[in-house]
Amino acid sequence: MSKVLVVTSGKGGVGKTTTTAALGAALAKNGQTVVLVDFDVGLRNLDLVMGAERRVVFDLINVIQGDANLAQALIKDKRVPSLSLLPASQTRDKDALTSEGVAKVIDDLRKKFDWVICDSPAGIERGAQMAMYHADMAVIVTNPEVSSVRDSDRIIGMLDSTTEKAKNGEKMEKHLLLTRYDPQRASRGDMLGTDDVLEILSIPLLGIIPESGDVLRASNVGAPVTIAEPESAAARAYTDAARRLAGEKLEVTIPTERKGLFDWLFKRRVS
Amino acid sequence: MTFLSSIFKRRSSAPVARDRLQILLAHERTSGGDGKDDLLAQLHREIMEVIKRHVAVDQDKVQIKLDRGAHCSTLEIDVEVPGLTDAKPAEKLAATPAAKAVPQSKKA
């Protein structure tokens with residue numbers, strides 16, 4: 001049974017694209033077939049984070065408009081063969097995302113993949129609505145920060161009212177993913193804690209991703225953090241989150257960096 | 001593994017990011033972001049037009065691969081042409097025409 005998952009947040013810059021790449025790669029490494037779909041028409045970035053920016057020939061809009069078929073537009077990951085990417089168009093405007101077109105593409109992708117992961121653009125406009133409309137489940141990416149929590153609440157409201165599931169009277173499965181979490185600051189009381197955010201948003205917790213330099217390093221080299229630095233704290237947190245998505249019952253913990261002997265002896269230099 | 005790899009792996013990643021961005025932006029600036037084709041896209045379109053003029057091309061039997069580099073880009077168009085001549089069914093005609101230097105907009 002294939003699942004359509006939307007990664008959304010309302011607010012920009014909280015880590016939707018990073019999360020899409022990391023969760024998708026983690027699921028694919030686990031043997032699932034996964035496609036990542038970028039819905040950020042005009043400002044695509046998933047291709048860059050995945051390191052596929054040089055290989056884009058066709059995009060989602062080309063498929064919707066019939067200029068290319070799905071197989072031609074899908075870009076296979078070179079590191080994990082069961083992982084594919086459907087890029088967004090960089091040039092055309094988002095009115096080209098027609099409801100029927102998107103429905104058809106998602107439907108076709110469902111037949112080919114175990115997981116269809118839709119990377120939503122920021123905001124609550126058409127692109128974001130199209131990304132969430134066909135979803136079976138949603139990952140709401142939230143930073144422990146007031147504006148992010150507020151926007152997440154708004155998005156949760158939209159997931160419960162404007163999606164296909166909502167219109168059919170069904171419940172959308174929603175998961176909270178806390179990113180850029182700093183346990184020290186939270187314990188000092190200078191950052192919203194997990195309990196605070198969970199209490200306010202009251203949806204189940206999928207995972208807590210600690211703030212980590214490995215995430216930036218991974219996007220620099222164009223690889224999901226779960227591929228580039230699989231042993232890092234952030235990658236382990238994403239891997240656990242992916243296992244929970246797939247139905248495993250795992251206790252939510254915040255992984256910490258494992259310092260190797262070498263790292264410990266020579267503290268990493270900041271250039 | 002962690003010990004050895006930590007020696008080799010800790011090369012800084014920012015230069016990689018800078019190089020990737022330079023290649024990508026050079027391409028995006030020339031295409032102007034308004035849907036105008038760059039050279040590679042234009043080649044792709046025209047090559048397909050020529051092929052279509054001679055044979056009926058099934059869209060599902062066309063594979064296109066692209067790799068944009070700083071000094072060299074490749075465009076690989078793989079067209080399956082059904083029953084070209086008498087006996088042989090579905091012969092594959094691989095066209096890899098554009099392993100060529102693509103002019104990049106000069107760095108400022």
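The structure is a predicted model, in which local features need pLDDT of at least 70 and side-chain atom pairs count only at pLDDT 80 or more, while totals for chains, interfaces and linings use all residues. Residues are numbered from 1 along each chain as its sequence is written, chains are lettered from A and ligands numbered from 1 in the order in which they are written, and side-chain values use heavy atoms, with hydrogens and water left out.

**Helix α10(A)**

- Helix α10 of chain A spans residues 194-201, and its buried residues are A:T194, A:V197 and A:L201; buried means under 20% relative accessible area, exposed over 50%, and partly exposed in between, with a 1.4 Å probe and protein chains only.
- Seen down the axis of α10(A), these buried residues fall within an arc of 70°, so they line one face of the helix, the arc being that of the directions from the helix axis to the C-beta atoms.
- On the face of α10(A) turned away from the buried side are the exposed residues A:D195 and A:E199.
- After α10(A) comes A:S202, whose phi is positive, near 40°.
- Helices (H or I, at least four residues) and strands (E, at least two) are DSSP runs, numbered from the N terminus.

**What covers the helix**

- The cover over the buried residues of α10(A) includes β6 (137-142), α7 (146-159), β7 (173-181) and β8 (205-210) of chain A, where contact means heavy atoms within 4.5 Å.

**The strands**

- β7(A) is mostly covered, with seven of its nine residues buried.
- β6(A) and β7(A) run parallel and are joined by six bridges; two strands pair if DSSP finds at least two bridges between them.
- β7(A) and β8(A) also pair in the parallel sense, over four bridges, and A:L177 has A:G207 in β8(A) as its bridge partner.
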